[in-house]
Amino acid sequence: MSKINTALGPISADQMGITLMHEHMVLAYPGWDLDPLCQHFEPGELAAICAEALGEVKKYGVKTVVDASPWDLWRNIELDKIVAEKTGLNIICATGLYYEAEGMPAYIKFRSQLMDITAELYESFMHELTVGIGKTGVKAGVIKVATSHGSITPYEEKVLKAAAKAQKETGVPITTHTQQGTMGPEQAALLIGEGVKPEKIIIGHMCGNASLEYQMSVIDKGVYVGFDRWGIDYLFPDNLRRATLIGLLGLGFADRIVLSQDCSARTLGRPLVMPDFVQALVANWSYTHIFKDIIPQLKQAGVTNAQIGQMLVGNPKRIFGG
Ligand SMILES: [Zn+2]
């Protein structure tokens with residue numbers, strides 16, 4: 001069984017345990033630090049904030065967290081390392097890129113006007129997967145890709161193809177961002193068409209769609225679906241996520257689903273001032289929401305410990321370990 005690279009070095013799949021498959025340390029859009037009024041943190045302050053918030057998951061037995069931040073969402077490997085040291089959690093870091101409208105750095109935009117960037121993206125992903133990320137000595141353990149709402153732009157297609165090639169050579173999983181689950185079947189088809197084994201693909205944010213027919217159109221391709229935005233009722237209500245999950249579990253798909261919250265300890269930039277109705281719609285959003293609120297509700301509905309264990313332990317181990 002192959003080794004899995006984390007912020008503090010390789011681990012075996014047996015060491016993963018309960019795993020949150022899609023979280024972040026911070027949420028930071030490209031350009032946040034250009035705002036002269038952005039919030040600054042003293043050295044170590046941000047790591048302490050992240051470690052305190054994420055460390056809460058240990059009360060529920062979590063051992064491993066995937067930091068799904070790609071290059072362009074201020075992925076910060078030094079932060080991952082310090083948080084891993086402070087908490088004792090395994091943190092799996094990503095290489096890859098976010099979707100065009102909220103990611104695509106001007107640097108890549110410029111280069112893509114002059115050449116086909118697929119080959120150089122592949123080279124860069126490979127470097128981070130096999131040599132390391134910057135001077136951190138940390139190798140990426142997962143590849144993150146993303147697509148737009150209702151479309152895969154030509155740029156995003158290049159990123160997916162570069163990721164597919166790097167996946168085939170390294171064997172690491174690909175985890176995706178969809179906009180509320182749109183383009184799930186298309187992402188799966190594109191990646192599988194490029195030669196990626198379906199069992200190495202997690203189509204993310206599929207819990208933004210309550211249609212069982214739609215869910216099965218993705219699951220039928222052999223990939224995993226991420227129910228990974230619990231608590232973000234602002235985007236889609238938890239009660240519909242729950243109903244959809246219970247439906248899929250009733251159909252016997254516990255072995256195709258992973259759970260997470262897409263949470264961050266902080267949003268970088270100016271402090272966010274949200275209207276009351278928005279605050280109410282994200283009031284439950286935390287790293288521990290699944291354990292505190294969702295799992296008890298699932299159990300009340302008849303979901304078994306074995307099904308929950310399959311989604312939180314068995315599937316992550318199989319996806320990463322093979
Ligand atoms: Zn995310």
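This is a predicted model: local features need pLDDT of at least 70, side-chain atom pairs count only at pLDDT 80 or more; totals for chains, interfaces and linings use all residues.
Me: Which residues are exposed on the other side of α10?

Reply: Pro-296 and Gln-300. Residues are numbered from 1 along each chain as its sequence is written.

Me: What makes Ile-290, Phe-291, Ile-294 and Leu-298 of α10 a group?

Reply: They are the buried residues of α10. They cover an arc of only 115° around the axis (directions from the helix axis to the C-beta atoms), which puts them on the same side of α10.

Me: How do you know that the span of helix α10 agrees with its 12 residues?

Reply: The expected span is 1.5 Å times one less than the number of residues. For residues 289-300 that should be 16 Å, and the end C-alpha atoms are 16 Å apart, so the two agree.

Me: What covers the buried residues of α10?

Reply: The cover includes α8 (238-250), β12 (257-259) and α11 (305-321). Helices (H or I, at least four residues) and strands (E, at least two) are DSSP runs, numbered from the N terminus.

Me: Which residues of the largest nonpolar core touch the most other members?

Reply: Cys-50, Ala-163 and Ile-257, out of 89 residues. Such a core is a set of buried Ala, Val, Leu, Ile, Met, Phe, Trp, Tyr and Cys residues joined through C-beta atoms within 7 Å.

Definitions and conventions
A residue is buried if 20 or more other C-beta atoms lie within 10 Å of its own, exposed if 12 or fewer, and partly exposed in between; C-beta atoms are placed from the backbone. Two residues are in contact if their C-beta atoms, placed from the backbone, lie within 7 Å.
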